[in-house]
Amino acid sequence: MPNVFALARAAGGRWLWPGLPLLLILAGRLWALTTGGALAFPDEERHLKSVEAVAAMLEGHFELACLHLANTQGRPADALLRLPVAAGQVALEYFWHLPPTSPASLLLPQLFGWLVLALNMALLWRLARRWLPVSAANTVLIVYSALASSQLYVRHLFPYDTALGLVLLALVLLSAPRRRYAARGAGACWRAH
């Protein structure tokens, strides 16, 4: 079997492989930000509930704000997580008269999606690194990034990337390398005898 990781050793650095393919994949995904369609699907329009909630709070209508946050098709946590971004969009509308549905204003939630994306990738790499060598963990990250359904598709405002991030964070926090368990287990056995 050919050693696909020899390129990194030949190049004398760890970031040519997988860094270069990962950079190309992410550059393609970033280009998708410029192609429009950020509110193309009903799922993505839920983000506007956060914007409406912030606007209602600024007008002193807290019951209406709560109604907007609860009216998110069973995903109120997503609306709460998007409140800071929605507040930024409301500020853009107030100071520069950019409506929250304008392409310039929608860059804020898209960039939030990229932040979540970067955190998800870091969590996934850390999780893969728990059980795999660095080169294999890098490959896991590249393959995941290249998948069409990897939640790296941030042209639209999918809320699912945030949910995926919470699951990855839980997996990272709940899993530990075997050597930690072995060390604890050996210590416990030694103390028992």
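**Reading a helical model**

Biologist: Which residues does Arg129 touch, not counting residues up to four places away in sequence?

Modeller: Touching means contact, that is, heavy atoms within 4.5 Å. With residues up to four places away in sequence left out, Arg129 touches Val134 and Ala137. Before we go on: this is a predicted model, where local features need pLDDT of at least 70 and side-chain atom pairs count only at pLDDT 80 or more, while totals for chains, interfaces and linings use all residues. Residues are numbered from 1 along each chain as its sequence is written, and side-chain values use heavy atoms, leaving out hydrogens and water.

Biologist: Where is the place of Arg129?

Modeller: Look for a helix first. Helices are DSSP runs (H or I, at least four residues), strands are E runs of at least two, and both are numbered from the N terminus. Arg129 lies in helix α8, residues 103-131. The protein chain has 11 helices and 0 strands.

Biologist: Does Arg129 count as buried, exposed or partly exposed?

Modeller: Buried means under 20% relative accessible area, exposed means over 50%, and partly exposed is in between (1.4 Å probe, protein chains only). Arg129 has 34% relative accessibility, so it counts as partly exposed. Across the protein chain, 37% of the 193 residues count as buried.

Biologist: Which are the buried residues of helix α5?

Modeller: An α-helix has 3.6 residues a turn, so residues three or four places apart point the same way. In α5 (residues 62-70), the buried ones are Ala65, His68 and Leu69. They line one face of the helix, because they fall within an arc of 100° seen down its axis; that arc is taken from the directions from the helix axis to the C-beta atoms. On the other side of α5, you'll find Glu63, Leu67 and Ala70 exposed.

Biologist: What do the buried residues of α5 pack against?

Modeller: They pack against α4 (47-58), α6 (76-81) and α7 (83-96).

Biologist: How far apart are the ring centres of Tyr94 and Phe95?

Modeller: A pair of aromatic rings is described by the distance of the centres and the angle of the planes. Rings of Phe, Tyr and Trp (its six-membered ring) pair if their centres lie within 6.5 Å; planes under 30 degrees apart are stacked, over 60 edge-to-face, and the rest tilted. That rule gives 2 aromatic pairs. For Tyr94 and Phe95, the centres are 4.9 Å apart and the planes sit at 85°, so the pair is edge-to-face. Ring pairs link Tyr94, Phe95 and Trp96 into a cluster. Tyr94 is exposed at 64% relative accessibility, and Phe95 is exposed at 54%.
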